Amino acid sequence: MVRDDLYIAVPSFFRCPISLDVMKSPVSLCTGVTYDRTSIQRWLDDGNNTCPATMQVLHTKDFVPNRTLHRLIQIWSDSLRLRRVDSVDSDSPSSPSELPARDQVSDLIQRMDTEPSSASSLDSLSTIARFARESDENQKFLASSDGEAHHLLLDDEIQRREELMRWMLKKTGRDCLASLLVVLQQGSADARIASAGVLESIAVNAEAKFLIAEKDGLLSELLKLTGPEKDPTLIEAGLSCLIAVSTPKKVKVRLVHLGAVKWLSKLLGDPNSATSTIEKVLKVLEMASSVKEGRAKICEDGKCVAGIVQRLLKVSGTATEHAVTILWSVCYLFKERTAQEAVAKANGLTKILLLMQSNCSPAVRQMSADLLKIFRVNSKSVISCYDTKTTHIMPF
């Protein structure tokens, strides 16, 4: 379903107005115009006090990262790399129960050291998981609890999480992941939420994410937490963990093969799903759309595409942004015919036109314009004759 040609025109809004190169670190001035950080910093350092594109005088020289555009450029860059590869190969909430004191946690750690595979170690791990989720200070304590005389003081969050990851995998080796898997399968709701939270906390680098994904049954259990019949808190915990774990391409592919698209499609269509839940569902689907296996499953599931279109402008700005990015990826960037037909059938053109009239970000507006080009719609003439007085757009 992916096109075989390797040439993809660079979207104009990916280019820095100064250097005309694809932006590596897009930042926006107070005028709303986005530039590559290096280029605009050089412009300002030269003593200029105007916006290069509009020549407006800047009331402030501060700029803010355009994270939305940065993510879109990353998706586009990944698509180029994947096409080259294809051509060559051709082929959350804490538990309400009382938390243990630190000396009790130390005892539990020692018990896990001496009896890593005992039944009691599962209870110990669940308790330690809740302890870790309670605060950053507790994570620091665990990261320094290596059974030796010295103690580490880790003020950097990334370093602390990496130390926590090493501790979790060092204490009982891969038995730690096996224990977390058993908790996800058999534990109480609170224990499963805590276990998902710990997995999310230790998924700080590619090594940890691969270890989690490669543990047989672990990804599928996290996916099961997101069933529509589950407790909303469980669903949120499962989705948050999947987002943290599924950034590497191999993990995304594995998640797709486990049936994530169909599973999430059901959750997307649930009218009782909370706003934050829908945002996370769309985020996971956006991640899936960055690999060809995910795009294929999204296109095969007509209900999924229809559900994505339905959520446009009806949930939140974040949800709309994720939804448009998915549609832009499958319909415009990779020109999947099945997805285009599904969008048209779901009255997606009307939604896209409404979106262009809303107070959306420049990146979302540009993606909407790209989608209109694909459907060969003269957006200007259609919008000019559209009665905006009868249009009701949810404010963000």
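1. Start with the E236–K280 pair: their side chains meet in a salt bridge, 3.1 Å from N to O. (A salt bridge here is a side-chain nitrogen of Lys or Arg within 4 Å of a carboxyl oxygen of Asp or Glu.) The pair ties together distant parts of the chain, with E236 in helix α11 (residues 232-245) and K280 in helix α14 (residues 275-288), 44 residues apart. E236 is buried, at a relative accessible area of 16%. For the labels, buried means under 20% relative accessible area, exposed means over 50%, and partly exposed is in between (1.4 Å probe, protein chains only). Helices (H or I, at least four residues) and strands (E, at least two) are DSSP runs, numbered from the N terminus.

2. Before going on, keep in mind that this is a predicted model: local features need pLDDT of at least 70, side-chain atom pairs count only at pLDDT 80 or more, and totals for chains, interfaces and linings use all residues. Residues are numbered from 1 along each chain as its sequence is written, and side-chain values use heavy atoms, with hydrogens and water left out.

3. How many salt bridges are there by this rule? The count comes to four. One of them is K297 with E300, where the closest N and O atoms are 3.8 Å apart. Both residues sit in helix α15 (residues 292-300), three residues apart, or about one turn of the helix. K297 is partly exposed at 38% relative accessibility, while E300 is exposed at 57%.

4. Helix α20 (residues 362-374) holds both K373 and D370, three residues apart and about one turn of the helix. These two also form a salt bridge, with 3.8 Å between the closest N and O atoms. Is each end buried or exposed? K373 is exposed, with a relative accessible area of 55%, whereas D370 is buried at 3%. As background, an α-helix has 3.6 residues a turn, so residues three or four places apart point the same way.

5. Now the sheet. Three strands make an open sheet in the order β2-β1-β3, with antiparallel pairing. (Two strands pair if DSSP finds at least two bridges between them.) The edge strands are β2 (34-36) and β3 (64-65), each pairing on one side only. Helix α1 (residues 37-45) packs on the sheet and touches β1, β2 and β3, and its direction makes about 95° with that of β2. Contact means heavy atoms within 4.5 Å; axes are lines fitted to C-alpha atoms, for helices over the stretch in contact, and angles run from 0 to 180 degrees between N-to-C directions. Strand β1 (residues 26-28) is joined to β3 by two bridges, and the two run antiparallel. For a specific pair to look at, V27 has P65 in β3 as its bridge partner.

6. Helix α19 (residues 348-357) is largely enclosed by the rest of the structure, because seven of its ten residues are buried. Those buried residues are G348, K351, I352, L353, L354, L355 and M356.

7. L234 lies in helix α11 and is buried at 3% relative accessibility. Leaving aside neighbours within four places in sequence, L234 is in contact with A189, R192, I193 and L225. S289 lies in the loop between α14 and α15, and is buried with a relative accessible area of 1%.

8. The largest cavity has a volume of about 60 Å³, and its lining includes S246, K252, L255 and V284. Helices α12 (249-257), α13 (260-268) and α14 each give two or more residues to that lining, and α14 gives the most, with four. The second largest pocket has a volume of about 210 Å³. Of its 13 lining residues, the closest to the centre are F13, V33, T34, L69 and P362. On definitions: on a 1 Å grid over the protein atoms alone, a cavity is a set of points where a 1.4 Å probe fits but cannot get out, and a pocket is an open set with protein on both sides within 12 Å along at least five of seven lines; lining residues have an atom within 4 Å of a point. Grid points are joined across faces, edges and corners, and a volume is the space filled by probe spheres set on the points.
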